[in-house]
Amino acid sequence: MKSFNIEIKYTLMLVSLAIATANQPPNIVFALADDLGYNDVSYHGSEIQTPNLDKLAIEGVRLENYYVQQVCSPTRSQLLSGRYQIHTGLQHSYIGVAQPNCLPTEIPILPQWLKNVGYATHMVGKWHLGFYKKACLPQNRGFDSFFGYHSGSEDYYTHFRGGYGVSFDDRDHWLGYDLWDNDVPFWSAISNYSVFVFNDRVNQVIDKHNKSKPLFLYLPFQSVHSPLQVPKQYQEPYKNITNNNGRIYAGMTSCMDEAIGNVVEKLKTADLWNNTVFVFSTDNGGQILEGGNNWPLRGWKASYWEGGLRGVGFVHSDLLPSDVRGTVNKQLIHVSDWLPTLVDGVAGYPLNYTNLDGFNMWDTINSNKTSPRKELLHNIDPWPYQPKDFNTNMTSAIRVGDWKLLTGNPGANNGQWIAPPGSGITPHLPLTIPGQNVWLFNITADPYEEMELSEKYPTVVKTLLAKLDTYYKDSVPVIYPDDSDQANPALHNGTWAPWE
């Protein structure tokens, strides 16, 4: 009788758990690649083999009018805050390793919003949104756990980074360890490749997850950012690539692709996949100097040309209606849209959009409805002068409908069209006009930015400049402080740790 009662209680517990799980919001897994180019996935025609990404993208919804930012910290800040750079002070560039700066702590970010709906929130990978004080760290900003590194780049095996990226020339000797398990340095990973280390931690997170709660798992990979490093076996399939950087980069991309496949299989084994929304995104365009490629788009990382801003992105979920699975979505979507899309659209938590620049795109993705986004401010960077009024010497870019306007220096040194190495296609050099600081393109008709139209459509230029002026008047000052001597790892037990 006693064993019978135990069986009854166990059965009731399973039924209760099943009911609770059925009524809870979907799990959300967001994978973010670092410096992956538009032409660096095989479903875009690359020779780099990405079978797991291909399968997820082709069976999901491919986002082919999707934009990110030109470098990493700005993209990550907009992804997690839902706000443009002009509203966070991060307009100028990425956050330097020794800068006393971070995404402002008074701004609520994605995991904090999701915790309102009962999500368990975990992060594994690259932070790069500032760490000079403890309040800036991900585990103090809504993540139940953080395993990863604070800064923008490091060695894939040793997990040390030197003073490169620090502005003073005499700081090359600054060398510090940067791999953390919440607040504690994770020293035991030395000599282990970061993709494998992160994969192991993801497995642990999933194994320990309480299924009575929905899961939010944020996976900003180190791959495929420099330094170019990958185990030899991942380079073997690319012996035909004679360029050393290109061969290593291809191997790094395939290794990341394998890791994503492993995450998916783990979620399936844990019986979480069927109720998961999986999102994949790049953080900026590929860096051609390090093996990346954005062909046929113009430009590359750190520019406001399409090659710096157009992202590889898709959504995969068994929860998507069958008629949208396997489709290509060409609606205008931006990285700042993920917060409202995931919080309001997927998790079902209503938001006050007063302080958000992003839109809820779930109906656009889930039902192929027209995007609510009609325009997109790529950025306005007034650094270092920050004058009172907007002018065309500032580096800026805006998209309104079919039109894209650029001003200032949108990437004078990286505005070329670079074909994949070995293609036999000669780099296409743009026509340069000395002193030019305004460019206009019909980006729908001319997605490769080959036909500059500012003289032909002066009224359009005037209208878009007026919009930029309005945005500028609503912006906050740029926050870009000098580096701090207190950041020196020698003062923090050899680690890149908070110093205030």
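Me: How many disulfides does the structure hold?
Reply: One. Keep in mind that this is a predicted model. The disulfide joins C102 to C136, with an S to S distance of 2.3 Å.

Me: Where do C102 and C136 lie?
Reply: C102 is in the loop between α3 (72–81) and α4 (110–115). C136 is in the loop between β4 and β5. The pair therefore ties together parts that are 34 residues apart in sequence.

Me: Which hand does the disulfide have?
Reply: Left-handed, because the torsion about the S-S bond is about -60°.

Me: Are C102 and C136 buried or exposed?
Reply: C102 is buried, at 6% relative accessible area. C136 is buried too, at 0%.

Me: New topic, the open sheet. What is the strand order?
Reply: It has 10 strands, in the order β9-β8-β5-β4-β10-β1-β11-β12-β2-β13. The pairing is mixed.

Me: Which strands stand at the edges?
Reply: β9 (184–185) and β13 (327–329). Each has a single partner strand, so one side of each lacks a neighbour in the sheet.

Me: And β1 with β11, parallel or antiparallel?
Reply: Parallel, over seven bridges. β1 covers residues 27–33 and β11 covers residues 276–282. Within that pair, I28 stands opposite V277.

Me: Which helices pack on the sheet?
Reply: α3 is one of them, touching β1, β4, β10 and β11. Its direction makes about 170° with that of β10. α6 also packs there, touching β1, β10 and β11. The direction of α6 makes about 170° with that of β11.

Me: Now α5. Which residues are buried?
Reply: S194, V195, V197, F198, N199, R201, V202, V205 and I206. Their cover includes β4 (120–126), β5 (145–149), β8 (180–181), β10 (215–220) and α6 (244–269).

Me: What does the length of α5 look like?
Reply: The 15 residues should span 21 Å at 1.5 Å a residue. The end C-alpha atoms are 21 Å apart, which agrees.

Me: Last one, E449. Buried or exposed?
Reply: Buried, with a relative accessible area of 0%. E449 is in the loop between β18 (438–442) and α10 (458–473).

Me: What is E449 in contact with, beyond its sequence neighbours?
Reply: Leaving aside residues within four places in sequence, E449 contacts R298, W305, E306, K404, L406, W417, F441 and I443.

Note on methods:
Residues are numbered from 1 along each chain as its sequence is written. This is a predicted model: local features need pLDDT of at least 70, side-chain atom pairs count only at pLDDT 80 or more; totals for chains, interfaces and linings use all residues. Side-chain values use heavy atoms; hydrogens and water are left out. Helices (H or I, at least four residues) and strands (E, at least two) are DSSP runs, numbered from the N terminus. The expected span of a helix is 1.5 Å times one less than its number of residues. Buried means under 20% relative accessible area, exposed over 50%, partly exposed in between (1.4 Å probe, protein chains only). Contact means heavy atoms within 4.5 Å. A disulfide is a pair of cysteine sulfur atoms within 2.5 Å. Two strands pair if DSSP finds at least two bridges between them. Axes are lines fitted to C-alpha atoms, for helices over the stretch in contact, and angles run from 0 to 180 degrees between N-to-C directions.
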